[in-house]
Amino acid sequence: QVRLVESGGGSVQPGGSLRLSCAASGDIASINDMGWYRQALGKKREWVATITGGGNTGYTDAVKGRFTISRDNAQNTMTLQMNNLKPEDTAVYYCHADKSVYGLGWESYDYWGQGTQVTVSS
């Protein structure tokens, strides 16, 4: 099992910044990609950003140029730096990780954190 714990959420004004962190523990061997998703009230969970095991990154268009995803493999942590926050960024942000193991062929598993609330309002 893999446990993911987010931290760093809070309330900020539009234009402010916030840094989210995700700590991974447990059976963390073979973790591949990690990323962030968010879910606003009444809406479906959406993908925000991904960072691969090799350090390649990708972002949804809504956050490009404002958010930066990074990871520290030695410390088993991942960070989302959020700048110039907008009210539409308000959501619960979830840490995600996937891993693959070889048994009868490759098997993939997905893990989720408990979520941390980000609120952007005047």
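## Contacts and overall build

Among the contacts in the chain with a separation of 6 or more, 55% are between residues 24 or more positions apart; a contact here means heavy atoms within 4.5 Å. Please keep in mind that this is a predicted model, in which local features need pLDDT of at least 70 and side-chain atom pairs count only at pLDDT 80 or more, while totals for chains, interfaces and linings use all residues. Residues are numbered from 1 along each chain as its sequence is written, and side-chain values use heavy atoms, with hydrogens and water left out.

For 122 residues, a compact globule would have a radius of gyration near 14 Å, and the chain's 15 Å agrees with that. The radius is taken over C-alpha atoms, and the globule rule is 2.2 Å times the number of residues to the power 0.38. Along the principal axes, the C-alpha atoms fill a box of roughly 55 × 30 × 25 Å. Of the 122 residues, 37% are buried, where buried means under 20% relative accessible area, exposed over 50%, and partly exposed in between (1.4 Å probe, protein chains only). The chain exposes about 6,700 Å², of which carbon and sulfur atoms supply 48%; accessible areas come from the Shrake-Rupley method with a 1.4 Å probe, and for residues only the protein chains shown count as cover.

## Strands and an open sheet

The chain has 11 strands and 0 helices. Both kinds of element are DSSP runs numbered from the N terminus: helices are H or I with at least four residues, strands are E with at least two.

Four of the strands build an open sheet: 4 strands in the order S1-S3-S8-S7, with antiparallel pairing. Two strands count as paired if DSSP finds at least two bridges between them. Strand S1 (2-7) and S7 are at the edges with a single partner strand each, so one side of each has no neighbour in the sheet. On average, neighbouring strands of this sheet are turned by 15 degrees against each other, direction ignored; the axes are lines fitted to C-alpha atoms, for helices over the stretch in contact, and angles run from 0 to 180 degrees between N-to-C directions. S1 pairs with strand S3 (residues 18-26) in the antiparallel sense over 6 bridges, and Val2 has Gly26 as its bridge partner in S3.

## Salt bridges

There are 5 salt bridges, each a side-chain nitrogen of Lys or Arg within 4 Å of a carboxyl oxygen of Asp or Glu. One of them joins Lys64 and Asp61 at 2.9 Å, N to O, and Asp61 is exposed at 62% relative accessibility.

Another links Asp89 and Arg66 at 2.8 Å, N to O. Asp89 lies in the loop between strand S8 (77-82) and strand S9 (91-103), and Arg66 in the loop between strand S6 (57-59) and strand S7 (67-72), so the pair ties together parts 23 residues apart in sequence. Both Asp89 and Arg66 are buried. Through shared partners, salt bridges join Arg38, Glu46, Arg66 and Asp89 into one network. Within this group, Glu46 and Arg38 meet at 2.7 Å, N to O; Glu46 is partly exposed at 37% relative accessibility, whereas Arg38 is buried at 5%.

Most residues other than glycine have a negative phi. Asn84 is not a glycine, yet has a positive phi of about 50 degrees. Asn84 sits in the loop between S8 and S9 and is partly exposed, with a relative accessible area of 42%.
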